[in-house]
Amino acid sequence: MQRDIASEHLPRLIARCGADALNRRQIAKRLQALLPTRYLEIKLDHRRRGLAPAAADRQALIDQRYTDFVQELSDMTFAAHQARIEYETHAMLYKARQSLRYLHQLRHPRPPR
């Protein structure tokens with residue numbers, strides 16, 4: 001994260017990072033919800049090929065389609081967490097700058113006009 005982000009750009013960056021984190025989290029949740037369905041589809045595919053239930057179960061777990069789906073889910077979950085951390089970090093920077101400005105105003109009050 002860059003600490004030298006201009007203060008006027010920071011609120012837009014926070015909003016964009018927050019929206020990105022939300023979108024990625026929603027996608028990860030949808031992928032997570034699809035995981036059992038994908039697994040059953042692959043397992044049924046192996047059952048149709050004549051494998052016993054336990055063998056079809058094992059084959060489904062090591063099937064490239066299933067491992068690719070799990071990898072996609074893992075990547076999206078990681079991206080969602082990363083985006084959330086970026087959002088929170090920028091929000092903390094914004095709050096820290098607000099606190100510093102307030103502290104500066106307390107230490108150096110403007111003279112009355």
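Predicted model: local features only at pLDDT ≥ 70, side-chain atom pairs only at ≥ 80, totals over all residues.

Residues are numbered from 1 along each chain as its sequence is written, and side-chain values use heavy atoms, with hydrogens and water left out.

**Entry 1**

I looked up Arg-84 in helix α3. Helices here are DSSP runs (H or I, at least four residues; strands are E, at least two), numbered from the N terminus. Arg-84 counts as partly exposed, because its relative accessibility is 39%. I set aside residues up to four places away in sequence and found Arg-84 touching Ala-21 and Arg-25. Contact means heavy atoms within 4.5 Å. I then checked Arg-84 against Arg-58: they are 26 residues apart in sequence and 35 Å apart in space, C-alpha to C-alpha.

Asp-75 is also placed in helix α3. Its relative accessible area is 42%, so Asp-75 is partly exposed. Asp-75 and Ala-28 are 47 residues apart in sequence, yet 8.8 Å apart in space, C-alpha to C-alpha.

**Entry 1: α1 against α3**

Two packed helices are described by the angle between their axes and the distance between the axes. Axes are lines fitted to C-alpha atoms, for helices over the stretch in contact, and angles run from 0 to 180 degrees between N-to-C directions. I read an angle of about 165° for α1 (residues 10-48) and α3, with the axes 8 Å apart. That is why α1 and α3 are roughly antiparallel to each other. The classes are: under 35 degrees roughly parallel, over 145 roughly antiparallel, 65 to 115 roughly perpendicular, the rest oblique.

The contact of α1 with α3 divides into 25 nonpolar, five polar and 10 charged residues. Ala, Val, Leu, Ile, Met, Phe, Trp, Tyr, Cys and Pro count as nonpolar, Asp, Glu, Lys and Arg as charged, and the others, Gly among them, as polar.

**Entry 2: around α2**

What angle do α1 and α2 make? I found about 130°, with their axes 8 Å apart. That makes α1 oblique to α2. From α1, the residues in this contact are Tyr-39, Ile-42, Lys-43, His-46 and Arg-47. α2 supplies Pro-53, Ala-56, Asp-57, Gln-59, Ala-60 and Leu-61. By class I noted six nonpolar, two polar and three charged residues.

Next came α2 (residues 53-62) and α3 (residues 64-107): their axes come within 5 Å and cross at roughly 50°. That makes α2 oblique to α3. Ala-60, Leu-61 and Ile-62 in α2 meet Gln-64, Tyr-66 and Thr-67 in α3. This contact of α2 with α3 has four nonpolar, two polar and no charged residues.

Is His-46 buried or exposed? His-46 counts as buried, at 6% relative accessibility. Beyond its neighbours within four places in sequence, I found His-46 in contact with Leu-51, Ala-56, Gln-59, Ala-60, Asp-63 and Arg-65.

Asp-45 lies in helix α1 and counts as buried at 18% relative accessibility. Its side chain is joined to that of Arg-65 by a polar contact of 3.0 Å. A polar contact is a pair of N or O atoms within 3.5 Å; within protein, one must be able to donate a hydrogen and the other to accept it, and residues adjacent in sequence count only if both atoms are side-chain atoms.

How values were computed. Buried < 20%, exposed > 50% of the residue type's maximum accessible area, 1.4 Å probe, protein only.
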